[in-house]
Amino acid sequence: MARAALPRRLTWLVATVRETKDETATARTLTLDVPGWPGHQPGQHVTVKLTAEDGYSAQRSYSIASASAADYLELTVQRVADGEVSSYLAEIARPGDQFELRGPIGGWFAWQQDDPRPLLLLAGGSGVVPLMSIIRAHEAVKSPTSVQLIYSARTPDDVIYEDELSRRSRMSPLIVVTYLYTRLTRWRKTAAKVTPDSQVTSAPKHGGLFSRHQAHPAEPAAPGLPPVHGYAGRLSADVLAKTAFPPELNPAVYACGPSGFVEAASDLLVAAGFPAISIKTERFGPN
Amino acid sequence: MSVVSRGFTGRRRDDPKLPPGQYLERGFPVLQAGPTPPVNTATWKFTITTETGDTTRWDWKQFTALPAEDITTDIHCVTQWSKLGTHWRGVSVDTLLDGIETNATYVMARSYGGYTTNLPLPDLRDGKAWIAFEYDGKPLQPEHGGPARLLVPHLYFWKSAKWVTGLDLMTQDKRGFWEELGYNDYGDPWREQRYQGD
């Protein structure tokens, strides 16, 4: 079941922050120049090492957000409470600052661009980061496979990459995005924004989901689904049945997020008939 | 010489029990490549296969009838977290290997779900490794490898294969699942052997 071995010894490389971009109130993307970086498979991660002036150092692992490129990568870091390294990367680091990293690491949770299977991507919170790398690589290599991203976030304000995901799903007939807002019990889309609302006034389309772009110019990846849509609540068998490729299409499934999300998602997938061997998982945080 | 990251001071919770590059974790993170496989103790089997193909097998009833030990130990995950003073109960691998004739020097641990990991046989002997079935006084939960997992706490924790169902004794080393993907064949946290070549 394993892929080919990583041939190289992983050495520490110096990363210099080129740019930072706030994605949400607590997540930030760092654009890094990394001379010697060999590129990566989408889904892989790096180990970051920060060193203080007196030599004290700390290491953590972060997923790569960008598509593969030499000498360059992007990390999107979600600040965690009391996070020793994440608070530095998500708050303190600024252009010109340096730290060390090594990688790419993790050849299992990685997408091979010649994989002909459709892609079913399930993200919990900042678990979207390695999946974004897959979506970006999918476009970069002009893969003909269909992509479904089911992205569970607390509220619309917690969605990372929302503009880019909207743009990509509008531009490409191959990409469909479904949002799940776990902290909302109901929501509807107004002209300007998504708002929680105890009174759902618009008639639900497509069995209870609410279109965000009802006038879509392109052929959607999943017949009957608009390119971006969403539900209030958590991932469920019902949502999977309504939005995901059926198991018969044999999609390659990638699930990434907090442990509870990934455990629940992979249990639902197996119960829905997706073979366990087709499901790759990556988890973070204690449960 | 490491580059200094401007403005980084760090949390400074250095503990002599923490190997290099590790941080202290109070929760219990879960790391695995895929879904948690359903493993039923009614059909559970644990098999030791020697290099000549001889097998010794236990079912759950036979396994849990073996003498078990309480273990208090620190554990270290390659993803940088360590957990100190964790409590387990399990059967020593010495007990399982007792009476099995072998000239093997390596072991491939095999799990329900297809996971494998390779270790030197001496690292499983002399009170250094267990097949654990309780964590913190309770049956080991499926996401932590229940009903039973290998526990080899002196190596990075991916060597402590979850849902373990057998040990294949080998005269030559062979790479397991993560080792094929670039992780270290041995995985000593005190020498920071995370990846091949470390």
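Residues are numbered from 1 along each chain as its sequence is written, and chains are lettered from A, with ligands numbered from 1, in the order in which they are written. Because the model is predicted, local features need pLDDT of at least 70 and side-chain atom pairs count only at pLDDT 80 or more, while totals for chains, interfaces and linings use all residues.

Start with confidence. The model scores ipTM 0.90 and pTM 0.89. The pLDDT is the predictor's confidence in each residue, from 0 to 100. Chain B averages 95 on that scale. In chain B, 99% of the residues score at least 70. Where pLDDT is low, the predicted coordinates should not be read in detail.

Now take chain A. It holds five helices and 15 strands. Both kinds of element are DSSP runs numbered from the N terminus: helices are H or I with at least four residues, strands are E with at least two. Of the 287 residues of chain A, 50% count as buried. A residue is buried if 20 or more other C-beta atoms lie within 10 Å of its own, exposed if 12 or fewer, and partly exposed in between, with C-beta atoms placed from the backbone. Contacts are residue pairs whose C-beta atoms, placed from the backbone, lie within 7 Å. Among the chain A contacts with a separation of 6 or more, 71% come from residues 24 or more positions apart.

The largest nonpolar core comes next. Such a core is a set of buried Ala, Val, Leu, Ile, Met, Phe, Trp, Tyr and Cys residues joined through C-beta atoms within 7 Å. This one has 121 residues. L121(A), L131(A), L149(A), Y151(A) and I131(B) touch the most other members. Helix α2 (residues 128-140) of chain A gives the most to the core, with seven residues. Domain 1 (13-105) and domain 2 (119-284) of chain A both give residues, so the core lies between them. The domain bounds come from an automatic or database domain assignment. Leaving out residues up to four places away in sequence, L131(A) touches L121(A), A123(A), L149(A), Y254(A) and C256(A).

Turn to chain B and its sheet. Five strands form an open sheet in the order β3-β2-β11-β6-β7, with mixed pairing. Strands pair if DSSP finds at least two bridges between them. At the edges stand β3 (55-59) and β7 (116-120) of chain B, each with a single partner strand, so one side of each is left without a neighbour in the sheet. Strand β6 (residues 106-111) of chain B pairs with β7(B) in the antiparallel sense over five bridges. There, M108(B) has N118(B) in β7(B) as its bridge partner.

Finally, the backbone. Most residues other than glycine have a negative phi, and most peptide bonds are trans. The bond from G103(A) to P104(A) is cis, with omega near 0°. P104(A) sits in strand β6 (residues 98-105) of chain A. Another cis bond joins G146(B) and P147(B), with omega about 15°. P147(B) is in the loop between β9 (138-139) and β10 (149-151) of chain B.

Two non-glycine residues of chain A have a positive phi: Y161(A) at about 65° and N250(A) at about 55°. Y161(A) lies in the loop between β8 (147-153) and α3 (162-171). N250(A) lies in the loop between α4 (237-243) and β14 (252-258). Are they buried or partly exposed? Y161(A) is buried, with 25 other C-beta atoms within 10 Å. N250(A) counts as partly exposed, with 14 C-beta neighbours inside 10 Å.

Methods: Contact = placed C-beta atoms within 7 Å.
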